[in-house]
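Subject: Structure handover

Hello,

Here is the structure I promised to pass on. My notes follow below it.

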Amino acid sequence: MVFYILAALLLLGILVTVHEGGHFFAARLTGIPVKEFAIGFGPKILSWKSKKHETEFFLRLIPAGGYCMFYGEDDIDGREAKNDPRAFGNYAVWRRVVTVLMGPGMNFVLAFLVAVGLYLGVGEDTKGYYDYATVASVTAGGPADQAGFQVGDAIVAVNGTDALGLNQAGTDFKLTGLINGFDPQDGALSVTVRREGGDQALTVTPRYDEALNRYLIGVNLNTGYHPVYTAVSLPRAIQLGADYCVQAGGSILGALKDLLTTGKGFEESAGPVGIVQLIAEETKESGFLTYAELLVLISVNLGLFNLLPIPGLDGSRLVFLLVEGIRRKPVPRKAEAWVHTAGFVLLMGLMLVMTYKDILRIFR
């Protein structure tokens, strides 16, 4: 498991380094000096200084982060902006906008390139098929738990009716329809499960869920989907990669909207520890393909999240730059610096809360 945890840390390190690298190279292209650039965080392993650009570079021990620091970036008292011509705030608005945007932008570029590479290397799934609906988890104390269902059980039939594959519309498992059609007057259901090569019948009585308006037995199902890949051309891979990233972005924005408006999904949300655990577990179970897919999804997520107008994030800096461009004079540097600093403190506080939540979840 240690190998997969290190692989998860490396994935996060790649994402953050690419993000900060976007800021760095955009600054170089637009002529804005960079004070420090680091790969990783924690104790310093190596460091060197560019004689031409006076940038200090650091390689740090833990490969799960990094940063790109500009002169006078959060200059609270405004002294650096007055006394140092290299200060970030002294450069044209368009140069700073490009530099700020390229952080999230490079996350989108990375996600797109990896997605295209996946389609070129693995192919497009055109002939995949469903077979068993297998039990991914069992709700403690629920009907299935009481009936003796186990994780990994493949559900074959309900009351003797075939439950394999999808319904005729191809939208859901046959199993779901068979459970939804439960009539309490008919008594309990006899569910045939395939376990360790043999079939056995379990008796279960579904419970009606008022919120969902349907009967449930208290299990979460794996899809039972088996992909079959065919090779694709480069233009097709580009199209599929772009579609994949757009769909991922739409799903992430939808989930974020639900979280902010209704709080839906907060219990399932994770901080750094939870994300590392998820990557490690999914990679161990499903291999490199899932690792690469997670890289795409998290990279899109990181890019979108950083564009939100939350103090301390790139989106907030863009808002201040937009206001400065419209007013043709900057927002007072002290006020802007305090906003970014306060936002950073709040984000760190949120990260600590999420980390605490992740640790509790691990030990439950």
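Ile-238 lies in helix α6. Helices here are DSSP runs of H or I with at least four residues, strands are E runs of at least two, and both are numbered from the N terminus. This is a predicted model, where local features need pLDDT of at least 70, side-chain atom pairs count only at pLDDT 80 or more, and totals for chains, interfaces and linings use all residues. Residues are numbered from 1 along each chain as its sequence is written, and side-chain values use heavy atoms, with hydrogens and water left out.

Back to Ile-238. Its relative accessible area is 38%, so Ile-238 is partly exposed. The cut-offs are under 20% for buried and over 50% for exposed, with partly exposed in between (1.4 Å probe, protein chains only). Ile-238 touches Phe-112 and Val-116, leaving out residues up to four places away in sequence. Contact means heavy atoms within 4.5 Å. Leu-120 is 118 residues from Ile-238 along the chain, and their C-alpha atoms are separated by 8.9 Å.

Now the whole of α6. The helix covers residues 234–262, 29 residues in total. At 1.5 Å a residue it should span 42 Å, and its end C-alpha atoms are 42 Å apart, so the two agree. The expected span is 1.5 Å times one less than the number of residues. Buried in α6 are Ala-237, Leu-240, Gly-241, Cys-245, Ala-248, Gly-249 and Ile-252. What do the buried residues of α6 pack against? They pack against α3 (93–122), β3 (124–125) and α8 (288–306). Just after α6 comes Gly-263, with a positive phi of about 80°.

Next, α8. Leu-302 sits in this helix. Leu-302 counts as partly exposed because its relative accessibility is 22%. Leaving aside neighbours within four places in sequence, Leu-302 is in contact with Leu-15, His-19 and Asn-107. Asn-107 is 195 residues away from Leu-302 in sequence, yet 7.0 Å away in space, C-alpha to C-alpha.

Both α6 and α8 also supply residues to the lining of the second largest pocket. This pocket holds about 680 Å³ of space. Of the 25 residues that line the second largest pocket, Tyr-225, Pro-227, Tyr-229, Leu-289 and Glu-293 are the closest to its centre. A pocket, on a 1 Å grid over the protein atoms alone, is an open set of points where a 1.4 Å probe fits, with protein on both sides within 12 Å along at least five of seven lines; lining residues have an atom within 4 Å of a point. The elements that each give at least two lining residues are α3, β3, β12 (219–222), α6, α7 (272–286) and α8. By class, the lining has eleven nonpolar, eight polar and six charged residues.

Helix α9 spans residues 314–327. Its 14 residues should span 20 Å at 1.5 Å a residue, and the end C-alpha atoms are 20 Å apart, which agrees. The buried residues of α9 are Asp-314, Gly-315, Ser-316, Arg-317, Leu-318, Phe-320, Leu-321 and Glu-324. Arg-328 follows α9 and has a positive phi near 65°.

Two loop residues are worth a look. Most residues other than glycine have a negative phi. Glu-54 is not a glycine, yet has a positive phi of about 60°. Glu-54 lies in the loop between β1 (34–49) and β2 (56–70). With a relative accessible area of 38%, Glu-54 is partly exposed. Asn-159 also has a positive phi, near 50°. Asn-159 is in the loop between β6 (154–158) and β7 (161–162). At 48% relative accessible area, Asn-159 is partly exposed.

Val-2 is exposed, at 60% relative accessible area. Val-2 and Ala-342 are 340 residues apart in sequence and 36 Å apart in space, C-alpha to C-alpha.

Finally, the chain overall. The secondary structure comes to ten helices and 14 strands. The C-alpha trace spans about 85 × 45 × 40 Å along its principal axes. Of the 364 residues, 38% are buried. Among contacts between residues at least 6 apart in sequence, 66% join residues at least 24 apart.

Best wishes

Notes. Points joined across faces, edges and corners; volume = space filled by probe spheres on them. Nonpolar A, V, L, I, M, F, W, Y, C, P; charged D, E, K, R; others polar.
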